[in-house]
Amino acid sequence: MKVAVIGQKGIPSRAGGVEIHVEEIAARLSNNEKNQITVYCRKNYCEKEYVNYRGINIKYIKSINSKHLDAITYTFLSTIDAIKSGHNLIHYHALGPSLLAFIPRIFRKRVVCTCHGLDWQREKWGKTAKAMLKSGEFIGSKFANEYIVVSKSLVDYYKQKYNRNVIYIPNGIEEKHCLQANNIKKKFNLDKNEYILFLARLVPEKGAHYLIDAFNSINTNKKLVIAGGSSHSDEYVDELKNKASNNKNIIFTDFVKGETLDELYSNAYCYVLPSEIEGLPISLLEAMAYGQCCLVSDIEQNTDVIESYGESFINKNIKSLKEKLKYLIENPNVVDMHKERSKDFILKKYNWDDVAITTEETLRRAMTK
């Protein structure tokens, strides 16, 4: 099976959940000598170039590096290259790249699409971009031989809207090992249990603005760490920093990776994800895999993950978020209880090896259609 994977910014990368998802599955599928996996990467997102990474063939494609043209130019050029290179199946990730899912079908290639979330709901996109993303959703649902979604709520969505039976394959997680606060002590003067952690791309739908507003209204010695960077959202990042300008206990770290990332997860008092929309948030899975106490907005995609092993607040409700933050700060026994239980629970519930097996079965089934 010769598979081209198109849609992610690049690997290795911490740019988002799609990149982590693609890397973990592609690496496992590449271990099977019957598979030849090529991941197409956007050249301007990759710090270092590889011919082969974790057994995965890597191809770098140039694109027009702008908010609206980056993904579509990369996807088009990758698709043409994949067809010319003799790949018999093309696997598109996300709604934008799925817009071109009809092209391989013209050349009698098999197509699989994976929806990681309804991207047209994201505030950063204007009317034209939203229309294109909705078109990608429609085209993918009609032209894909098999269609994968990462959250249970999307199964019902595609059935009701397109009468399409899709396959639910969630993200996975691996066991994480906690590190002591060394790098974060030097870089940001952070010690264990001294801070509340937000870790995600700084885009409106992740809800960092709600968290900053809630934190500003609480009297606490805890710090708030906002770990993440802009994703074509510089104005929003400036807005966040303006909200935090009078609070010396709010720290912006920009993008983090490696040991610094591990240390932030390991030593936080609790992790907060106040997102308005999600697919299946890998950062939340990771936080629980480090044994963190997690506080999330009560959207279905978040509460499906934590079940009774974390806390939730009313989505977009600053007062509700403030009350839950205050409750956790004042009740360390509750935080400790969640920390003791979350790791074992999440590792049993989500596993990359299982995800890879189910994905490979889906790809092979697409080859027979």
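**Figure 1. Packing of helix 8 against helix 13 in the predicted model**. Helix 8 (residues 208-216) and helix 13 (residues 318-330) pack with their axes 9 Å apart, at an angle of about 60°. Helix 8 is therefore oblique to helix 13. The crossing of helix 8 past helix 13 is right-handed. Helix 8 contributes Tyr-210, Leu-211, Asp-213, Ala-214 and Phe-215 to the contact, and helix 13 contributes Ile-318, Leu-321, Lys-322 and Leu-325. By class, this contact of helix 8 with helix 13 comprises seven nonpolar residues, two charged residues and no polar ones.

**Figure 2. Packing of helix 8 against helix 9**. The axes of helix 8 and helix 9 (residues 234-243) cross at roughly 5° and come within 10 Å. Helix 8 is thus roughly parallel to helix 9, since angles under 35 degrees are classed in this way. On the side of helix 8, the contact is formed by Ala-208, His-209, Ile-212, Asp-213 and Asn-216; on the side of helix 9, by Tyr-236, Leu-240 and Lys-243. Four nonpolar, two polar and two charged residues make up the contact of helix 8 with helix 9. Asp-213 is listed in this contact and also in the contact of helix 8 with helix 13.

**Figure 3. The largest nonpolar core and the surroundings of Leu-284**. The core has 33 residues, of which Leu-197, Leu-264, Tyr-271, Leu-284, Val-305 and Ile-346 touch the most other members. Helix 11 (residues 282-289) gives the most to this core, supplying five residues. Apart from its neighbours within four places in sequence, Leu-284 is in contact with Tyr-271, Leu-273, Cys-294, Val-296, Asn-302, Val-305 and Ile-306.

**Figure 4. Packing of helix 11 against helix 14**. An angle of about 125° and a separation of 7 Å between axes describe the packing of helix 11 and helix 14 (residues 332-349). Helix 11 is accordingly oblique to helix 14. From helix 11, Leu-285, Met-288 and Ala-289 take part in the contact, together with Ser-342, Lys-343, Phe-345, Ile-346 and Leu-347 from helix 14. The contact of helix 11 with helix 14 has six nonpolar residues, one polar residue and one charged residue.

Figure 5. Helix 10 (residues 258-267) is largely enclosed by the rest of the structure, because seven of its 10 residues are buried. The buried residues of helix 10 are Thr-260, Leu-261, Glu-263, Leu-264, Tyr-265, Ser-266 and Asn-267.

**Figure 6. Two valines in helices: Val-335 and Val-155**. Val-335 belongs to helix 14 and is buried, with 0% relative accessibility. Setting aside residues up to four places away in sequence, Val-335 touches Tyr-269, Cys-293 and Leu-328. Val-155 belongs to helix 6 (residues 152-162) and is partly exposed, with 26% relative accessibility. Val-149, Val-166 and Tyr-168 are touched by Val-155, again not counting residues up to four places away in sequence. Between Val-155 and Val-18, which are 137 residues apart in sequence, the C-alpha to C-alpha distance is 18 Å.

**Figure 7. Backbone geometry at Pro-12, Arg-108 and Lys-316**. Most residues other than glycine have a negative phi, and most peptide bonds are trans. The peptide bond from Ile-11 to Pro-12 is cis, with omega near -5°. Pro-12 is situated in the loop between strand 1 (2-6) and helix 1 (17-30). Arg-108, which is not glycine, has a positive phi near 60°. Arg-108 lies in the loop between helix 4 (102-106) and strand 6 (110-115), and its relative accessible area of 75% makes it exposed. Lys-316, likewise not a glycine, has a positive phi of about 70°. The loop between strand 14 (311-313) and helix 13 holds Lys-316, which is partly exposed at a relative accessible area of 47%.

Methods:
Residues numbered from 1 in each chain as written. Predicted model: local features only at pLDDT ≥ 70, side-chain atom pairs only at ≥ 80, totals over all residues. Heavy atoms only, no water. Axes fitted to C-alpha atoms, helices over the stretch in contact; angles between N-to-C directions. Helix = DSSP H or I, 4+ residues; strand = E, 2+ residues; numbered from the N terminus. Parallel < 35°, antiparallel > 145°, perpendicular 65-115°, else oblique. Left-handed = near helix turned anticlockwise from the far one by under 90°. Contact = heavy atoms within 4.5 Å. Nonpolar A, V, L, I, M, F, W, Y, C, P; charged D, E, K, R; others polar. Core = buried A, V, L, I, M, F, W, Y, C linked by side-chain atoms within 4.5 Å. Buried < 20%, exposed > 50% of the residue type's maximum accessible area, 1.4 Å probe, protein only.
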